[in-house]
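Colleague: Hi! I'm new to this one, could you walk me through it?
Modeller: Happy to, let's bring it up first.

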Amino acid sequence: MILDALIAAQISIPRPLKMRFISSTDKVEKRYQSKINAAKKLKKIYSENDIKLMILKGIGLAQLYPVANHRPCSDIDIWLFGKQEEADEILSSQYNISVDEAHHHHTVFHIDGVMVENHYDFIEQHSRSSQALVERYLKELSADEELYTINIDGTDFYIPSPNLNALFLIMHSGSHFAAENISVRHLIDWMQFLRHYGDKVDWGRLLNFSDTFGFRPFLECLNSMCINYLGMPEKMACCTMKDEKIVKKAIEDVLKYKQKNIPNNFIKGWIFRFKRRFSNSWKQKMVYKDNQFFAFFRSFLTHIIHPKIWKK
């Protein structure tokens, strides 16, 4: 995406750096096409078994970019309108595809080497009780809202409605922001979504919901980061953060974050999680209303009950 911008702006860069950009772009394009091919194959399998497929995030959001195949996509996230178990059974029994169930809110399998996350819940709920109510609302939107479609490489896929996608993208990026970090890509995704679908979102209802469940500060900060640092027109935002220090702190967190691996030891791993959670407490307060100590205790219990996912 940086190379596209440099070329469009007619900015010359040193040849060695340009060749690195070109090489990276080629890899992104190839990975993108492999995911498109896998999604088309998966839709064919599901269609033959009368299962509707909705694409979440990833290649769906990529279609909102000027050059779709330059938006990196790590995997494919899907929603099957309540038929997750049936779909996994079909892949396992008829196509001998191994399905991994050791995850919080989705199963995982691979199609031609491409990882797919089959969501039975839109968001993770194991550590925060309030998220169960948000999840219920997301599922109501998926069932009640008009279905939207988008054509990707000659194949039509369902995508979330604007109201569903707005809440889902906020909660998804908010969960990453509170737990560890978000990247510049999350900001651009949000800005591109607003540019294409912002006028179709019921912002009054969403803002009321954000006040009820406590994520309005994050939504305001997300908008302000896009306005202040990506040049998003202020008229596209339903609300903004008034505290400029918080916005600056948040963007520095986005730009300077370096992921640290969780120690492969039960005790050291939980000490690491404890320190990480409470060093990020200022971010968690922007996303959730839940008590942080109680949320950590719930998370601990869940990992004890489901030991396969304690490394997640």
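**A first look around**

Modeller: Let's begin with Asn-96, which is exposed, with a relative accessible area of 70%. Keep in mind that this is a predicted model.

Colleague: Thanks! Where is Asn-96 placed?

Modeller: Asn-96 sits in the loop between helix 4 and strand 3. Its phi is near 55°, a positive value in a residue other than glycine.

Colleague: What about Phe-81, buried, partly exposed or exposed?

Modeller: Phe-81 counts as partly exposed, because its relative accessibility is 21% and buried would need a value under 20%. Phe-81 belongs to the loop between strand 2 (76-79) and helix 4. Phe-81 also has a positive phi, near 55°.

Colleague: Helix 4 keeps coming up. At roughly what angle do the axes of helix 2 and helix 4 cross?

Modeller: The axes of helix 2 (residues 15-48) and helix 4 (residues 84-95) cross at roughly 100° and come within 11 Å. That makes helix 2 roughly perpendicular to helix 4.

Colleague: And which residues make the contact?

Modeller: From helix 2 there are Leu-42, Ile-45, Tyr-46 and Glu-48, and from helix 4 Ala-87, Ile-90, Leu-91 and Tyr-95. Sorted by class, the residues of this contact of helix 2 with helix 4 are 7 nonpolar, no polar and 1 charged.

Colleague: New topic: where is Asp-112 found?

Modeller: Asp-112 is in the loop between strand 3 (106-111) and strand 4 (114-119). Asp-112 is exposed, at 61% relative accessible area.

Colleague: Which side chain does Asp-112 join in a polar contact?

Modeller: That would be Lys-41, with a polar contact of 3.2 Å between the two side chains. Asp-112 is also 6.6 Å from Ala-38, C-alpha to C-alpha, although they are 74 residues apart in sequence.

Colleague: Nice. How many bridges join strand 5 to strand 6?

Modeller: There are 5 bridges between strand 5 (residues 148-152) and strand 6 (residues 155-159), and the two strands run antiparallel. Asn-151, for example, has Asp-156 in strand 6 as its bridge partner. The hairpin has 2 residues between the strands, and Asp-153 takes a positive phi near 55° there.

Notes
Residues are numbered from 1 along each chain as its sequence is written. This is a predicted model: local features need pLDDT of at least 70, side-chain atom pairs count only at pLDDT 80 or more; totals for chains, interfaces and linings use all residues. Side-chain values use heavy atoms; hydrogens and water are left out. Two strands pair if DSSP finds at least two bridges between them. Helices (H or I, at least four residues) and strands (E, at least two) are DSSP runs, numbered from the N terminus. Axes are lines fitted to C-alpha atoms, for helices over the stretch in contact, and angles run from 0 to 180 degrees between N-to-C directions. Angles under 35 degrees count as roughly parallel, over 145 as roughly antiparallel, 65 to 115 as roughly perpendicular and the rest as oblique. Contact means heavy atoms within 4.5 Å. Ala, Val, Leu, Ile, Met, Phe, Trp, Tyr, Cys and Pro count as nonpolar, Asp, Glu, Lys and Arg as charged, and the others, Gly among them, as polar. Buried means under 20% relative accessible area, exposed over 50%, partly exposed in between (1.4 Å probe, protein chains only). A polar contact is a pair of N or O atoms within 3.5 Å; within protein, one must be able to donate a hydrogen and the other to accept it, and residues adjacent in sequence count only if both atoms are side-chain atoms.
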